[in-house]
Structure formats: structure tokens, C-alpha cells
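Keep the viewer open as you read.

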Amino acid sequence: MEMERKVEAELLAWRDRPQRQPLLLLGARQVGKTFTAERFGQRHFAETVTLNFQTDLARLRPVFDGRIEPGAIVQDIAYLTGTEVTPGQTLLIFDEIQLCPPALTSLKYFAERAPEYAILATGSLFGVSVRREDPYTFPVGKVDIVHMHPLDFEEYLWALGKHLQADGIRASATQHTPFPAHDDAMRWLRQYLMLGGLPRAVATFAETQDWAEVRRIQRDLATLYVADMALYATPPDAVRTRLIWDSAPHQLARETSRKFILSEVRKGARFHQYETSFAWLEAAGLLHCHHQTETPAAPLRPRNGGTFFKAYLFDVGILSAQLGVAPQVFCSEAGYGQISPAFRGGIVENYVKQALVAAGIDSQYWSSGNLAEVDFLLVDQTMNVIPLEVKSGEHTRSRSLESYRKRFAPTRALRLSAKNTGVDDTLLNLPLYATFALPDVLTQ
């Protein structure tokens with residue numbers, strides 16, 4: 001199946017940039033970086049040469065060890081691959097470059113001495129796998145960086161061949177009009193909430209419609225991420241990181257507040273003991289810490305130095321698999337309605353946070369003790385703070401949002417729910433499947 005990715009537009013802009021530097025395409029493992037990089041090369045360059053440091057490190061590392069002259073490096077690459085590397089015509093892909101620190105350092109010299117070469121390097125676990133004691137350095141200021149995430153819901157619709165419907169959802173959200181195919185879109189969204197955006201899971205379901213096989217793949221991927229913790233973190237940190245990873249899904253499924261509580265990980269735990277593990281998970285791209293704001297004023301600041309937060313997984317499909325949700329039940333309208341609203345709510349909130357991160361939208365949440373809580377606060381282009389309430393069903397009455405609006409009088413407010421688009425004074429109600437259109441809505 002064809003999977004168009006939004007990041008390809010950023011790659012094309014990089015290719016055409018007059019002052020182009022080598023590009024680092026960063027993201028969690030299995031989000032599609034290598035496939036996207038190679039397809040980009042096939043579409044926009046005469047030749048593509050891929051150096052895979054994961055499978056061929058022993059043969060490739062001597063090309064870079066102790067060498068700073070780009071011309072010599074390029075010549076050896078040509079000898080090894082049998083392909084002439086022509087400036088402006090050949091895309092060099094350095095795949096999983098974090099595994100070869102001298103190759104990473106070489107990007108500095110390509111930027112300074114040979115900017116005519118187009119180099120696209122991919123990296124996973126980038127913030128946790130480059131060893132501090134290694135003599136090679138990160139090319140600070142000498143690379144362009146693009147982040148890649150799992151497919152968002154719009155990209156999922158594209159993968160299904162539903163470009164027209166995706167455009168219609170975006171138009172409906174920005175024009176504040178109901179979307180005619182609302183029931184269909186909600187069905188596709190429920191499916192996406194179980195699949196998530198990891199290409200392998202999406203492709204498998206599209207080809208087989210086999211939920212058991214999808215869940216097997218998601219469990220295998222989750223096992224891979226856990227193995228990385230043991231490989232790249234110190235033994236004590238690996239244990240704490242695994243405990244957080246295992247606890248986060250169940251804390252999101254809580255009936256009460258979804259704030260992350262360390263005592264549910266281990267009795268007597270303190271934040272300073274687990275701070276490195278949270279940082280590891282965020283650097284690996286596996287977790288998004290969603291902080292409670294100190295005060296709802298731009299720029300938003302996390303409360304108490306960032307120790308009050310919710311922990312969302314990077315992919316909602318992995319989350320639903322970790323929670324053991326039965327996809328056949330969740331995907332049916334009747335089954336979805338029978339599931340606890342609090343349980344559904346955790347999954348839906350994770351989906352919204354994932355979509356906001358993919359869109360580059362920063363967010364925090366607001367809480368007034370145990371009396372009221374607004375799930376997301378966003379900041380628009382005029383530095384106004386916009387409250388965003390998320391509801392998993394059609395029941396949209398929210399005392400928390402009403403309390404926030406009375407107290408802070410925002411210029412406008414947003415709500416995402418299972419209901420179709422509608423406007424109530426300064427409150428815009430959008431369907432959950434329109435979350436990907438929020439960047440356009442915020443600029444209106």
C-alpha cells in the first residue's frame with residue numbers, strides 16, 4: 001500500500017534550500033524513516049546510495065574513522081557501492097547514523113567543505129545511544145534536523161486512499177460546518193485508535209484485516225522497545241525505565257485523574273530517582289510528558305519544574321495493545337459505547353497528544369485541585385491561550401471547561417468529541433477525527 005508522509009514536504013524544502021546542510025531525520029524506531037528517505041531519493045534524485053550502519057557497520061566504519069576530507073570519503077563510498085556519487089544528482093543516505101559516531105562527525109566537514117553533496121542521515125534512539133565518552137562529536141549547527149512520527153490520522157486516511165474525505169474533514173473544521181460522512185469518519189477513527197500509526201501495523205491490517213496479526217506485531221514492537229532500554233540505558237536506569245513504560249498505559253486508563261503517580265510505579269519512589277528514565281523515554285521518542293501548567297498564560301510554564309504531568313505513549317496503537325483492548329469490540333459503534341468513558345478517554349487523550357506532537361503544537365494541561373481540569377491548553381499565533389477539552393463520546397457537557405472559561409475568559413475555546421462540527425458562541429466543537437486540522441484552526 002502507498003503511504004504518503006507529510007515529512008516528505010519538509011525533505012523537498014530541504015533539497016531546494018540554497019544553504020543546504022546535511023539533514024538528520026530523527027524519530028522512534030519503526031516509524032518509517034528509512035522507507036521514506038529512500039522513496040524520497042527515488043523520486044527527487046537521479047541516484048540514491050544507502051549506507052546501512054545497522055547491517056554493515058564493520059565494512060563501513062573504516063571509511064569514516066579518523067578522516068575529515070569529504071572527497072576521500074565519497075570516493076570510498078563509490079568503490080564500496082559501485083555507484084558514482086555526483087553532487088546534486090545523488091542522494092547519500094546514512095541509515096541509523098548514531099551507530100557510527102565518526103560518520104556522524106563527518107557531517108560537519110561535509111557542511112563546511114562539500115555542501116554540494118546531498119546527505120540525508122536517519123537516526124533512532126539518537127538522544128540515548130551516542131556515548132559521551134566517544135571521541136567523536138555531534139556536528140552542532142552543521143546539520144538541518146527534521147523529526148518524524150507515526151502516521152497521524154490524515155496520513156492514515158491517505159493510506160486508505162481516502163484523500164477526498166481527508167480534504168473534506170479539513171475543510172469542515174476550518175469552515176465550521178458539519179462533515180457529511182461523519183459516521184464513516186468516526187468508524188475509521190476507531191480503527192485508527194486500535195492500529196496507531198506504525199507503518200508495519202497499518203500495512204498488515206490493510207492487507208489482511210487480521211486483528212490478531214496486528215496485535216502480534218504491536219507486541220513484538222513493544223518488546224523491541226523494551227530490549228532497547230536494556231541495551232542503551234545503565235542497568236539501574238533500564239529497570240526504572242521499564243517500570244515507567246509498563247505503568248504509563250494503566251495510569252491513563254484510571255477512572256480518576258490521569259496524572260502520573262510515581263508511587264504506583266514503586267512505593268516510596270521520588271521523582272529525582274526516575275528523572276533520567278523519563279528523559280530517556282522522551283529522548284527515544286517513546287513517551288510524551290504532558291505537563292500541568294503553572295498558570296494559563298503564554299508562554300506556558302510547567303508547574304513545579306515539570307514534576308506534575310501525564311505520560312502519553314508515542315503511538316496510540318501500542319497503547320491500546322498494552323492495555324489489552326479488543327479491537328473488534330472497540331471498533332464497533334455498540335462496543336465502543338459500552339466501554340467505560342474513563343477508559344476510552346485515556347486512549348482518546350493519548351491520540352490527541354500524539355497528533356499535537358506530530359503537528360509541532362506544544363500543549364500543557366490546567367488543573368484546579370480536584371475541582372476542575374482542562375485536558376489541553378494551546379497557544380495560537382497571537383499568543384492567546386486556547387483551552388481544548390477532549391471527550392471520547394457525544395456527551396459534551398463539561399463543568400471543567402465552563403469553570404475555566406468563567407475564570408479566565410479566553411477569546412475562544414475548543415472541544416473535540418464524537419459529535420459533528422458546530423459552533424456555540426466562542427466554543428468550537430470539532431469531531432475527534434478532525435484533530436489533524438487544528439494547526440489550520442489555530443491560525444484563523
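On a 1 Å grid over the protein atoms alone, a pocket is an open set of points with protein on both sides within 12 Å along at least five of seven lines, where a cavity is a set of points that a 1.4 Å probe fits but cannot get out of; lining residues have an atom within 4 Å of a point. Points are joined across faces, edges and corners, and a volume is the space filled by probe spheres set on those points. With that in hand, the largest pocket comes out at about 860 Å³.

Some ground rules first: this is a predicted model, with local features needing pLDDT of at least 70 and side-chain atom pairs counting only at pLDDT 80 or more, while totals for chains, interfaces and linings use all residues. Residues are numbered from 1 along each chain as its sequence is written, and side-chain values use heavy atoms, leaving out hydrogens and water.

Back to the pocket. Its lining has 33 residues, with Thr 256, Arg 258, Glu 373, Asp 375 and Ser 400 nearest the centre. Helix 17 (341-358), strand 8 (364-368), strand 9 (372-379), strand 10 (385-390) and helix 18 (399-408) each give two or more residues to the lining; here helices (H or I, at least four residues) and strands (E, at least two) are DSSP runs numbered from the N terminus. Helix 17 supplies the largest share, five residues. By class, the lining splits into seven nonpolar, 12 polar and 14 charged residues, where Ala, Val, Leu, Ile, Met, Phe, Trp, Tyr, Cys and Pro count as nonpolar, Asp, Glu, Lys and Arg as charged, and the others, Gly among them, as polar.

Now for the packing. In soluble globular proteins, nonpolar side chains tend to be buried together. A nonpolar core here is a set of buried Ala, Val, Leu, Ile, Met, Phe, Trp, Tyr and Cys residues joined through side-chain atoms within 4.5 Å; buried means under 20% relative accessible area, exposed over 50%, and partly exposed in between (1.4 Å probe, protein chains only). The largest core has 106 residues, and Phe 153, Trp 245 and Leu 286 touch the most other members. Helix 9 (residues 182-195) gives this core its largest share, eight residues. Another core, of 26 residues, lies apart from it and includes Leu 26 and Cys 100.

What about the rings? The whole structure holds 23 aromatic pairs, meaning Phe, Tyr and Trp rings (six-membered for Trp) with centres within 6.5 Å; planes under 30 degrees apart are stacked, over 60 edge-to-face, the rest tilted. Phe 110 and Tyr 117 are edge-to-face, because their planes sit at 90°, with centres 6.2 Å apart. Phe 110 is buried at 1% relative accessibility, and Tyr 117 is buried at 16%. Tyr 225 and Phe 314 also make an edge-to-face pair, with centres 5.4 Å apart and planes at 85°. That pair bridges 89 residues, from helix 11 (residues 211-232) to the loop between strand 7 (309-313) and helix 14 (316-322).

Finally, the backbone. Most residues other than glycine have a negative phi, and most peptide bonds are trans. Ala 298 and Pro 299 are joined by a cis peptide bond, with omega about -5°. Asp 425, not a glycine, has a positive phi of about 60°, and is exposed at 66% relative accessible area.
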